[in-house]
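The sequence and the model come first.

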Amino acid sequence: MKITDSHAHIFPQKIALKASGATGEFYGVEMHHDGMAHTLSEKLSEAGISRALVCSPATTPHQVESINDFIAEKCKKYPEFFGVATLHPDTEDSAKEIERIEALGLHGVKYHPDFQRFAIDDEKMFPTYALLERKKIPVLFHTGDKRYDFSGPRRLIRVLEKFPDLKCIAAHFGGYSEWEHAWEYPKHKNLYFDTSSSLWVMKPDEALAFIDKFGAEQFMFGSDFPMWTPAEELSKFLNLGLTEEMNEQILCKTFETLFGTV
């Protein structure tokens, strides 16, 4: 069975330790790895994972171009990497950068509202969402954090209502620490979820209930490297006890359907 890790982060070598450490401090957890591309490649191989979606959110507008260049460069060096770009809510010309993202061969956009300090449903984002919707470019959102009011499920629900053809991935089972509100998501053909940074605290029956409600065809496996180790996260996922068919759907097929790749 082919396995895809649909949520991993990499950072340039000179800042990888600092960036990983800052992420750990933000969430109050110990980071398992350094966030370097070669480390992720090694950990994927150890886990038997053949592909990983890689991204790195920009915390300031001026970081956007350099991060997207970095992601594209590492995807050329590591064929197992599948690159997703970053945009910032204060990017001066998002349309221009989206054109450049496409030219770089990147396949989607990642937003982290809590790092980037913006509400998912802020109306200033609507022109960019409309363009991404028209271009059929998937958007990966960090979703849910009770400490803030930027990324809660209700905000993504509003975006889905406004842009029903925007392909949205709600990370962390759609809620991170707000899973009680993630139940409010509608069943929607363009709303997807990943399993990253969830299975260490979610009870198995909670995870199974989410998958049952929304369907395995809307779920993708993700490790959230470097926060967690891909092999360990894969083991937690497989221990949920889903059928072989559902495992294959979540570990591979949903990703292939969403991104049009095999």
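Which residue forms a salt bridge with lysine 124? The partner is aspartate 90, and the closest N and O atoms are 3.0 Å apart. A salt bridge here is a side-chain nitrogen of Lys or Arg within 4 Å of a carboxyl oxygen of Asp or Glu.

The model is predicted: local features need pLDDT of at least 70 and side-chain atom pairs count only at pLDDT 80 or more, while totals for chains, interfaces and linings use all residues. Residues are numbered from 1 along each chain as its sequence is written, and side-chain values use heavy atoms, with hydrogens and water left out.

**Salt bridges**

The count comes to 15 salt bridges. Three of them are listed below.

| Aspartate 90 | Lysine 124 | 3.0 Å |

Helices (H or I, at least four residues) and strands (E, at least two) are DSSP runs, numbered from the N terminus. In the salt bridge of lysine 124 with aspartate 90, lysine 124 sits in the loop between helix 5 (113-116) and helix 6 (126-135) and aspartate 90 in the loop between strand 4 (85-86) and helix 4 (94-104), so the pair ties together parts that are 34 residues apart in sequence. Relative accessible area is classed as buried under 20%, exposed over 50% and partly exposed in between (1.4 Å probe, protein chains only). Lysine 124 is partly exposed at 44%, and aspartate 90 is partly exposed at 45%.

Glutamate 180 is partly exposed at 43%, whereas lysine 146 is exposed at 57%.

Six strands form an open sheet in the order 4-5-6-7-8-9, with parallel pairing. Strand 4 and strand 9 (219-220) are the edge strands, each pairing on one side only. Two strands pair if DSSP finds at least two bridges between them; strand 5 (residues 109-111) and strand 6 are joined by three. Lysine 110 has leucine 140 in strand 6 as its bridge partner.

**Cysteines**

A disulfide is a covalent bond between the sulfur atoms of two cysteines. The criterion is a pair of cysteine sulfur atoms within 2.5 Å, and a search of the whole structure finds zero disulfides. For cysteine 75, the nearest cysteine sulfur belongs to cysteine 55 and is 10 Å away. Cysteine 75 is buried at 18% relative accessibility. Cysteine 168 is buried at 0% relative accessibility.

**Backbone features**

The peptide bond from phenylalanine 225 to proline 226 is cis, with omega near 10 degrees. Proline 226 lies in the loop between strand 9 and helix 10 (230-238).

Phenylalanine 173 is a residue other than glycine with a positive phi, near 55 degrees. Its place is the loop between strand 7 and helix 8, and phenylalanine 173 is buried at 0% relative accessible area. Tyrosine 176, also not a glycine, has a positive phi of about 50 degrees. Tyrosine 176 is found in the loop between strand 7 and helix 8 and counts as buried at 13% relative accessibility.
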